[in-house]
Amino acid sequence: GQSALIPTLLRASAVNNLGNAYYYAKKYGFALEAWKQANSPSLGRTNLSSWSNIIAAPVLLDRPQDAIAEGERAKEWAAKTGKALVEPYQYAGLVGNLAFAKWEVGDFSNALADFAAAHAFQEDDLTRQNLALALILEKRSDDAQRLLRQIAPPAGLTNIGSRCKLFGIPR
């Protein structure tokens with residue numbers, strides 16, 4: 001049985017972590033079931049991070065259509081409840097995983113739209129790279145290049161003066 005002393009949120013987190021452990025052990029079916037349980041109403045909350053995993057797992061199980069259906073439900077729920085706006089990082093991951101599922105079935109134009117949405121919610125190097133890949137598949141390499149030029153190299157490589165000083169190299 002369940003202990004009344006363990007809060008529901010802690011149980012949900014533990015079950016989600018169990019899903020992560022199954023994922024790293026390459027037991028994707030078990031991971032999917034754990035993530036579904038962690039994201040269920042019985043544990044008291046819907047979590048976009050878990051839901052993002054629920055979208056990714058069917059792709060790994062060679063069921064991309066299931067991932068797309070789940071992703072569209074998640075996207076609609078997040079928009080309707082406002083979670084997309086208050087949890088933009090998690091929402092971007094969810095939409096990005098949906099885009100990869102669409103990519104898997106060859107639906108590149110809708111994948112591009114989802115990668116663009118993910119980037120709009122969370123502008124970072126990962127969403128830029130994903131969007132650039134989708135642009136390339138849509139034969140828009142100029143747009144992809146412009147986007148990739150926005151990615152900054154690591155700070156240590158751009159600050160040549162400090163690196164020279166650090167290694168005793170004269171400028």
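## A walk through an all-helix model

R63 forms a salt bridge with D66, their closest N and O atoms lying 2.8 Å apart. A salt bridge here is a side-chain nitrogen of Lys or Arg within 4 Å of a carboxyl oxygen of Asp or Glu. R63 counts as partly exposed because its relative accessibility is 34%, and D66, at 38%, counts as partly exposed too. For these labels, buried means under 20% relative accessible area, exposed means over 50%, and partly exposed is in between, with a 1.4 Å probe and protein chains only.

Before going further, a word on what you are looking at. This is a predicted model, in which local features need pLDDT of at least 70 and side-chain atom pairs count only at pLDDT 80 or more, while totals for chains, interfaces and linings use all residues. Residues are numbered from 1 along each chain as its sequence is written, and side-chain values use heavy atoms, with hydrogens and water left out.

Now let us step back to the whole fold. Helices (H or I, at least four residues) and strands (E, at least two) are DSSP runs, numbered from the N terminus. Of the 171 residues, 33% count as buried. Contact means heavy atoms within 4.5 Å, and among contacts with a separation of 6 or more, 44% come from residues 24 or more positions apart.

With the overview in place, we can turn to how particular helices pack. Two packed helices are described by the angle between their axes and the distance between the axes. The axes are lines fitted to C-alpha atoms, for helices over the stretch in contact, and the angles run from 0 to 180 degrees between N-to-C directions. Helix α3 (residues 48-60) packs against helix α4 (residues 64-81) at an angle of about 160°, with 6 Å between their axes. That makes α3 roughly antiparallel to α4. Angles under 35 degrees count as roughly parallel, over 145 as roughly antiparallel, 65 to 115 as roughly perpendicular and the rest as oblique. The crossing of α3 past α4 is left-handed, a term used if the near helix is turned anticlockwise from the far one by less than a right angle, with right-handed used if clockwise.

Which residues make this contact? On the α3 side they are L48, W51, I54, I55, P58 and V59, and they meet P64, D66, A67, E70, G71, R73, A74, W77 and A78 in α4. By class, the contact of α3 with α4 has 11 nonpolar, one polar and three charged residues. Here Ala, Val, Leu, Ile, Met, Phe, Trp, Tyr, Cys and Pro count as nonpolar, Asp, Glu, Lys and Arg as charged, and the others, Gly among them, as polar.

S50 also lies in helix α3. Is S50 buried or exposed? At 2% relative accessibility, S50 counts as buried. Leaving aside neighbours within four places in sequence, S50 is in contact with N16, W35, A38 and N39.

Helix α4 has another partner to visit. Helix α6 (residues 88-104) packs with α4 at an angle of about 150°, the axes being 9 Å apart. The two helices, α4 and α6, are therefore roughly antiparallel to each other, and their crossing is left-handed. From α4 the contact uses P64, A67, I68, G71, E72, A74, K75 and A78, and from α6 it uses Y91, L94, V95, L98, A101, K102 and E104. Sorted by class, the contact of α4 with α6 has 10 nonpolar, one polar and four charged residues.

That brings us back to charge. Side chains of opposite charge can pair when their charged atoms come close. A search of the whole structure finds 12 salt bridges. Within helix α4, K75 and E72 lie three residues apart, about one turn of the helix, and they form a salt bridge with closest N and O atoms 4.0 Å apart. K75 is partly exposed at 22% relative accessibility, and E72 is partly exposed at 31%. Elsewhere, R140 forms a salt bridge with D143, the closest N and O atoms being 2.9 Å apart. R140 has a relative accessible area of 37% and is partly exposed, as is D143 at 23%. Salt bridges that share partners also join E72, K75, K102 and D114 into one network.

A last stop is D125, in helix α8 (residues 125-137). D125 counts as partly exposed because its relative accessibility is 32%. D125 and L147 are 22 residues apart in sequence and 9.6 Å apart in space, C-alpha to C-alpha.
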